[in-house]
Amino acid sequence: MLIAEDLVLLTLEDITGQPVSGLGDMSKRNILLGGALLAELALAGVIEVRKQSFWHTSKVHQVATGAPVDPRLQQAFSIIGERPMTPRAVVSRIGSQKFDHLTGVLVGRGLLRREQRRVFLTTKTFWPAVDPRSKMPVRQQVASVLLHDGHPDHRTGTLIALLSAVDQAHRLFVSPSVPPRHVKQRAKQIARADWAAGAVRDAIVATHRGVESGFSGGGFSDGGFDGGDGGGGGGD
């Protein structure tokens, strides 16, 4: 499973199949998935972000000649190889139409079901889980870190940082014994940790900046998440 695929599963409601509150806009979902693809390439060590000089913007570059095995990562890697681009431009470009593509992949694997329903005068598409238990492994990994102060590996840490970048960590992982404020701060702490360096951090920052127009309160800087700590609902 790609990090992007885990994000699709986590950000769709199990029963209704609709995107969670805050990610109803398709462009935000695609930017989130573009950030996940860029972060995964960074974790694999096949791309890096270079700043040529003080006066130039940082650009994403390939650093490996062999393309990743996964076709979605291959495509993203090839786009990066066309020309140097800023992390934000890369996230937007490689995230284009990725939500529709990845939901189709997950439907093909039998994890999601595609349903069309009439909502007022329009027909909308939803993706309920075929079996919500299929989401349990990734939920348990993330919950062990956010709710029980476990130590994340790089993959889980990246997943949490991306959820935090779109203000969802404390909304998706709720516990009666852990205040949402603590969960939100824990996610920010993980995003600022030393492991999230270089291109991984740039991917996370670019993801936030790409969707920040939809946020209310709270900010993000190159050093991590800053700002307000609103509470949240939702379910784990």
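Colleague: At what angle do helix 2 and helix 4 pack?

Modeller: In this predicted model, the axes of helix 2 (residues 26-43) and helix 4 (residues 87-95) are 7 Å apart. Angles from 65 to 115 degrees count as roughly perpendicular, so helix 2 is roughly perpendicular to helix 4. The packing angle is about 110°.

Colleague: At what angle do the axes of helix 2 and helix 5 cross?

Modeller: Helix 5 covers residues 98-108, and its axis comes within 8 Å of that of helix 2. Helix 2 is roughly perpendicular to helix 5. The crossing angle is roughly 75°.

Colleague: How many charged residues does the contact of helix 2 with helix 5 have?

Modeller: Met26, Arg29, Asn30, Leu33 and Leu37 of helix 2 meet Lys98, Phe99, Asp100 and Leu102 of helix 5. Five of the residues in this contact are nonpolar and one is polar. The charged residues number three.

Colleague: Is Arg72 buried or exposed?

Modeller: Arg72 sits in helix 3 (residues 71-82). Beyond its neighbours within four places in sequence, Arg72 is in contact with Leu2, Glu5, Leu37, His101, Leu102, Val105 and Arg109. Buried means under 20% relative accessible area. Because the relative accessible area of Arg72 is 8%, Arg72 is buried.

Colleague: How many residues of helix 7 are buried?

Modeller: Helix 7 (residues 154-165) reaches 16 Å from its first C-alpha to its last, close to the 16 Å expected. Its buried residues include Thr156, Leu159, Leu163 and Ala165. Helix 7 is mostly covered, and the buried count is ten of its twelve residues.

Colleague: Which residue caps the N-terminal end of helix 7?

Modeller: A side-chain oxygen of the capping residue lies 3.2 Å from the backbone nitrogen of Arg155. A polar contact needs N or O atoms within 3.5 Å. The cap is Asp153.

Colleague: Which residue takes a positive phi just after helix 7?

Modeller: The phi in question is about 60°. The residue is Asp167.

Colleague: What percentage of the protein chain is buried?

Modeller: The protein chain has ten helices and six strands. Of its 236 residues, the buried share is 47%.

Note on methods:
Residues numbered from 1 in each chain as written. Predicted model: local features only at pLDDT ≥ 70, side-chain atom pairs only at ≥ 80, totals over all residues. Heavy atoms only, no water. Axes fitted to C-alpha atoms, helices over the stretch in contact; angles between N-to-C directions. Helix = DSSP H or I, 4+ residues; strand = E, 2+ residues; numbered from the N terminus. Parallel < 35°, antiparallel > 145°, perpendicular 65-115°, else oblique. Expected span 1.5 Å × (residues − 1). Buried < 20%, exposed > 50% of the residue type's maximum accessible area, 1.4 Å probe, protein only. Polar contact = N/O pair within 3.5 Å; in protein donor to acceptor, adjacent residues only side chain to side chain. Contact = heavy atoms within 4.5 Å. Nonpolar A, V, L, I, M, F, W, Y, C, P; charged D, E, K, R; others polar.
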